[in-house]
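This report covers a packed pair of helices and the surroundings of a ligand. The sequence and structure are shown first.

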Amino acid sequence: MVQFIDVFKTYENGAKALKGVTFEINDGEFAFLVGPSGSGKSTIIKLITGEIAPMDGTVIVNGYDMGNIKFGKMPYMRRTLGVVFQDFRLIEDKTVYENVAFAMRVVGASTKEIKRRVPYVLELVGLDSRSRRRPQELSGGEQQRVAIARALVNNPSLIIADEPTGNLDPARSLEIMMLLEKINELGTTVLVVTHEKELVNSLSKRVIAIDGGRVISDGLDGYYNYEE
Amino acid sequence: MTDWTGIITMKSNRFGYYIKEGINSIFTHGFMSFASVCIIIACLIIMGSFSLLSLNVDHVIKVHEDENVMLAFVDETLTDTQAMALQDEIEAVPNVASAQFVSRDSAWNSFKDSYDSNSSMFDGLTSNVLRHRYIVYLDDISLMSQTQLDVEQIPGIARVNAHLEISDGFVKLRNIINTVSISLAAILFIISLFIMSNTVKLTTFERRDEIAIMKMVGATSSFIRWPFVVEGLILGLVGSLTAYILQWGIYQAFVQKVIGSVIQPFIIETLPFAAFAIPLLIVFIVIGFAVGVVGSVIAIKNYLRV
Ligand SMILES: Nc1ncnc2c1ncn2[C@@H]1O[C@H](COP(=O)(O)OP(=O)(O)OP(=O)(O)O)[C@@H](O)[C@H]1O
Ligand SMILES: [Mg+2]
């Protein structure tokens, strides 16, 4: 669950990225976060992942109060999240399988668990036949599915994706969105940042629209009501 | 019931991971690794050589300590009993290990004995030409001149003879060597740390994306740090063991030189390498360890913040 209560964030250079943001995403929900460039979407994502701390207000992620979280607790908070980025962020010299297994290994999973879990998530994202390939031998859409598999592999309760389809053509984008929808149906909460109006409108999901660091609309009808 | 096999495989799994990653990085930038090992070797040998020199000078000082006794002459106006009573007072002086009373008769006899017993040069002389005296043994000959003054203050002591030149010379030499080796050790330690942390920084830089991913998926700081610490540790250990073997060779060569030299029979007596083989090994390993671990912890520090 994600809870933002009157959150403010100003960067060191004085940029006022968030000016009192309030919203709540319950367990099991699927939500889009939309808004023009510079409106504060990535800032919201970074507050959720703990990369930055709120200046004022409260951010609660899966029970962790992100304004007061202890440094030593941060890794355990992050294990409850799966994060996906526009640029995939895969390790180039590891295979698809190794990239996904890596996320399990570094949180201390046993080889046995890794061998059981990795093939399962690769199948879920439709990449079981690609497991021996390296990222540069895959299409963009496939690379993003590896990143989604990696985000999923530690069984997080929340998946956050910051413009996951930003580097993909419309057909691949739709595939990725449908995959995220499928993951949501399996019980994981999903929050997706995107610019793609058609895609958002075609999926009829909750849409949180933000502009100038404020929430300007929040509806379950899937209508992307911000005109860019 | 605890699943021990699970815990053990998990632990050894992780341990294997740290070692594998650490060794991998050493070879991916072999030149920097080689350079940092060389720097550690050079630093350790310089530190080691000065320390061994200092130990040897110490040893020479100790060997000559017995010869560098002071002679305290008793005022001739004192009676024999009074003269002998001074022993306690002399031994109460700080830095005096012990004092041995030598009566004028026995001094006279040993004096005569040192010459031809048939000589007539002592005819008509008696032990009365000599004074009672004490042979004063010291704890620390570097304090000899102060102790000489202290013993001279005792009423009934007429004069104290001390051979300050030899002891002073060695003590000065030892002090210089000690100062030089401690300052060198400190400087070289910092240089080694700097080189080591830069070598490991190369790895952290090459792997910054991997580190970012590890943090993103929730790896703990210690988990992220370990492979780098292992890298530093291996470099440090390889450096210290190589340095140790070289130091051994250098020391043997040094000993040969000294033994072959003319001055040897008089004052220089070298210690065998075996006298400090184990402590030196321990010191080298500890320093190599410390440089490796501290260097890599410094290197990774910036990447672990939030
Ligand atoms: N690290 C930073 N330091 C200073 N200012 C920043 C930083 N990151 C973002 N900002 C500023 O904060 C505001 C919000 O940025 P943010 O990245 O959240 O926008 P966004 O909605 O994600 O935009 P985009 O759609 O282009 O990704 C912008 O004005 C941006 O310039
Ligand atoms: Mg952004």
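## Helix packing and ligand shell

In chain B, helix α7 (residues 208-217) packs with helix α9 (residues 277-304) at an angle of about 60 degrees, and the two axes are 11 Å apart. The model is a predicted one. Angles from 65 to 115 degrees would count as roughly perpendicular and those under 35 degrees as roughly parallel; α7(B) and α9(B) are therefore oblique to each other. The crossing in which α7(B) passes α9(B) is right-handed. Two packed helices are described by the angle between their axes and the distance between the axes.

The second topic is ligand 1. Around ligand 1 there are 14 residues, of which A:S37, A:G38, A:K41, A:S42 and A:T43 come nearest. By class, the shell residues divide into 8 polar, 4 nonpolar and 2 charged. Helix α1 (residues 41-49) of chain A supplies the largest share of this shell, 3 residues.

| Residue | Protein atom | Ligand 1 atom | Distance |
|---|---|---|---|
| A:G38 | backbone N or O | oxygen | 2.8 Å |
| A:G40 | polar backbone atom | oxygen | 3.0 Å |
| A:H195 | polar side-chain atom | oxygen | 3.4 Å |

On its own, ligand 1 has 630 Å² of accessible area, and the protein covers 65% of that area. A:G38 is both among the residues that come nearest to ligand 1 and a contributor of a backbone N or O atom 2.8 Å from a ligand oxygen.

Definitions and conventions:
Residues are numbered from 1 along each chain as its sequence is written. Chains are lettered from A and ligands numbered from 1 in the order in which they are written. This is a predicted model: local features need pLDDT of at least 70, side-chain atom pairs count only at pLDDT 80 or more; totals for chains, interfaces and linings use all residues. Side-chain values use heavy atoms; hydrogens and water are left out. A residue is near a molecule or strand if one of its heavy atoms lies within 4 Å of it. A polar contact is a pair of N or O atoms within 3.5 Å; within protein, one must be able to donate a hydrogen and the other to accept it, and residues adjacent in sequence count only if both atoms are side-chain atoms. Accessible areas come from the Shrake-Rupley method with a 1.4 Å probe; for residues, only the protein chains shown count as cover. Helices (H or I, at least four residues) and strands (E, at least two) are DSSP runs, numbered from the N terminus. Ala, Val, Leu, Ile, Met, Phe, Trp, Tyr, Cys and Pro count as nonpolar, Asp, Glu, Lys and Arg as charged, and the others, Gly among them, as polar. Axes are lines fitted to C-alpha atoms, for helices over the stretch in contact, and angles run from 0 to 180 degrees between N-to-C directions. Angles under 35 degrees count as roughly parallel, over 145 as roughly antiparallel, 65 to 115 as roughly perpendicular and the rest as oblique. A crossing is left-handed if the near helix is turned anticlockwise from the far one by less than a right angle, and right-handed if clockwise.
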